[in-house]
Amino acid sequence: MGKVKVATTAMTSCFGCHMSILDIDERLLDLIELVEFDKSPIDDIKEFTGPVDVGIIEGGVSNDENLEVIRSFRKHCKILISIGECAIEGGIPAMRNAVPLKECLEEAYLKGPTVYNPKGRIPDDPDIPMLMNKVYPVHEVVKVDYFMPGCPPPADQIWAVLTALLTGKPIELPYEFIKKD
Amino acid sequence: MSATKTKERKIVISPVTRVEGHGKVTIRLDEKGKVDQARFHIVEFRGFERFAQGRFYWEMPVIIQRLCGICPVSHHLAAAKATDLIVGVDQLSPTAEKMRRLMHLGQTFQSHALHFFHLASPDLLLGFDADPKIRNVIGVALKHPDLVKMAILMRKYGQEVIKATAGKKVHGTAAIPGGINKNLSVPERDELKKDIGQMLEWSVAGLNLLKKFYHDDIKRMSGFAAFDSNHLSIVAPDGRFDLYDGNLRAKDAAGKLIFDQVKNADYYKVIQEEVRSWSYMKFPFIKSLGPEKGWYRVGPLARVNNCDYMDAPLAEKERQEFMKLGEGRLVNATMAYHWARLIELLYSAEKIQELLNDKDLQGTELVREARHRGHPRRDQQEPVGSGARRAQEGHRPDAGVVGGGAQLIEEVLPRRHQAHVRLRRLRLQPPLHRGPGRPLRLV
Ligand code: SF4
């Protein structure tokens, strides 16, 4: 069997979950013996090169581009894993769900103490994604197979999940692996 | 114009990868195939500016840091510094300030190592034109395993410093209004001390590696994307390089001061941000120069360019050598960012070492109590006469403990502490449910 193919993406998120993946440290060298990375922010592969075994999703869905990305992940990946609170429940960015989007945009682009906006225009170019009213968890948009909780999940948890996946052995998750702050 | 529009071609690079953030590049070509317009779009909007409003102020250090998981400490500390002001603590205890400084140095150390080795080095080590399939840290790992091992361990070290000071590698919880909630225990200190010598050595090695690349390919390195710009950063009151706190300084490309020693809380007096329709990121500029000419560089290059000196001997020597690149002006080569970043990496290692030997880190004064600031001075804030009126009403200007303000702070502080205690109690509860493990399936 060839290497297991893995793709990752960061949508409406902070990249912290990707950082936690890197926090597996030296085990990264073992990991790259077992897996091959496809589309991911850490490499230069922008489009899927073909079917992929595991897709790891960081971040919720807040704009039309996220929507496209997540659908293409579902299409190309055999299994999808939501990593972190943003993907699982929208996380901190979903705090904006309690406020009308218009107010958020006005604060950022019209009212802020340093804003210079003589035309009073809020960014709207077709080259930037269109925002959705609310931030959605990934599994409300596509089917998700597994969830790794935490903000971010500790590296040990990530390693436990990846090795369980790659070896097919039952997963062991001691309390420290899922403990949050 | 409309005729060229129809024949216009557009190149899109999306997402921009191997960077810290969410970006996209569009390049429009005219009918002759020449670049007509090139834009870098920030494609992410989250709304922190608004949804942070109305929350408890002591939540800010943990909410705001979720802006970025690569440099969370910087945002954690910026927010904590703002809350220090809110609770009226102007001077942290030495233990709190040094813990925060150490945390931040761990941050710059890990983030700079990540940036250079994990993200940028594939271009240098494998070549700008290498196959995109291998032009990444894994490609480097397969070709230069020792170098990548070193990079991983350097980043790990920075993350361990963060964990020891912030409680967690990504999104810690240690900086709180008025101080810090932990000190550096002796075992933590000793653990970190073990490897700092190695880290220093590797920082020097990384810097030398980059310098070799730079000099071997000097034309490309000093010419690629080189352009004059203003530079903005913070510096200490005496012009010393500082990463945690200081005043704003801006210089132009030649090194002439635009402004200096502007208090950081007064940033809005010297900086504005222009809104453009095609990016969710605003475009900051120096107010006095206007949106066309006022834009500026920030980050390692600006910081190293702007400061008068670094109080870390090895890094200071490197800084002096680096500044010669500018031949009397500031260094305005974009590729020199790598160089400046690695000088900061070395600076961070030296300063971490210094702090690990500082007994204050084991101190026990973690949080300072708020001090009532008194009412605003009459001559600055209020029309003549109002002070007298307020005195009649029972307010004494500049008094420490009298008046509604002090009572308010006294009421608020204990409540904040209660909340912390509550949170801690919650955290200690065992997880509700932890059923038996089950196999995960790959198909
Ligand atoms: S879950 Fe936390 S660490 Fe992960 S992307 Fe969201 S905010 Fe960042």
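In strand 9 of chain B, B:E274 is the bridge partner of A:Y116. That strand runs parallel to strand 6 (residues 115-116) of chain A, and 2 bridges join them; two strands pair if DSSP finds at least two bridges between them. Helices (H or I, at least four residues) and strands (E, at least two) are DSSP runs, numbered from the N terminus. The model is predicted: local features need pLDDT of at least 70, and side-chain atom pairs count only at pLDDT 80 or more, while totals for chains, interfaces and linings use all residues. Residues are numbered from 1 along each chain as its sequence is written, and chains are lettered from A and ligands numbered from 1 in the order in which they are written.

**Contact between the chains**
- The contact takes 65 residues from chain A and 59 residues from chain B, where two residues are in contact if their C-beta atoms, placed from the backbone, lie within 7 Å.
- On the side of chain B that touches chain A, helix 7 of chain B gives the most, with 5 residues.
- The residues of that side of chain B divide into 27 nonpolar, 14 polar and 18 charged; Ala, Val, Leu, Ile, Met, Phe, Trp, Tyr, Cys and Pro count as nonpolar, Asp, Glu, Lys and Arg as charged, and the others, Gly among them, as polar.

**Ligand**
- The ligand lies between chains A and B.
- It is surrounded by 17 residues, of which the closest are A:S13, A:G16, A:G84, A:C86 and A:C151; a residue is near a molecule if its C-beta atom, placed from the backbone, lies within 6 Å of it.
- Helix 4 of chain A supplies the largest share of this shell, 3 residues.
- By type, the shell holds 7 nonpolar, 7 polar and 3 charged residues.

**Sheet in chain B**
- An open sheet of 4 strands in chain B has the order 8-7-6-11, with mixed pairing.
- Its edge strands, each pairing on one side only, are strand 8 (257-262) and strand 11 (296-297) of chain B.
- Strand 6 (residues 230-235) of chain B runs parallel to strand 11 of chain B, joined by 2 bridges.

**Nonpolar cores**
- A nonpolar core is a set of buried Ala, Val, Leu, Ile, Met, Phe, Trp, Tyr and Cys residues joined through C-beta atoms within 7 Å; buried means that 20 or more other C-beta atoms lie within 10 Å of the residue's own, all placed from the backbone.
- Of the 132 residues in the largest core, A:I57, B:V161 and B:I343 touch the most other members.
- Helix 14 (residues 336-356) of chain B gives the most to this core, with 12 residues.

Note on methods: A residue is buried if 20 or more other C-beta atoms lie within 10 Å of its own, exposed if 12 or fewer, and partly exposed in between; C-beta atoms are placed from the backbone.
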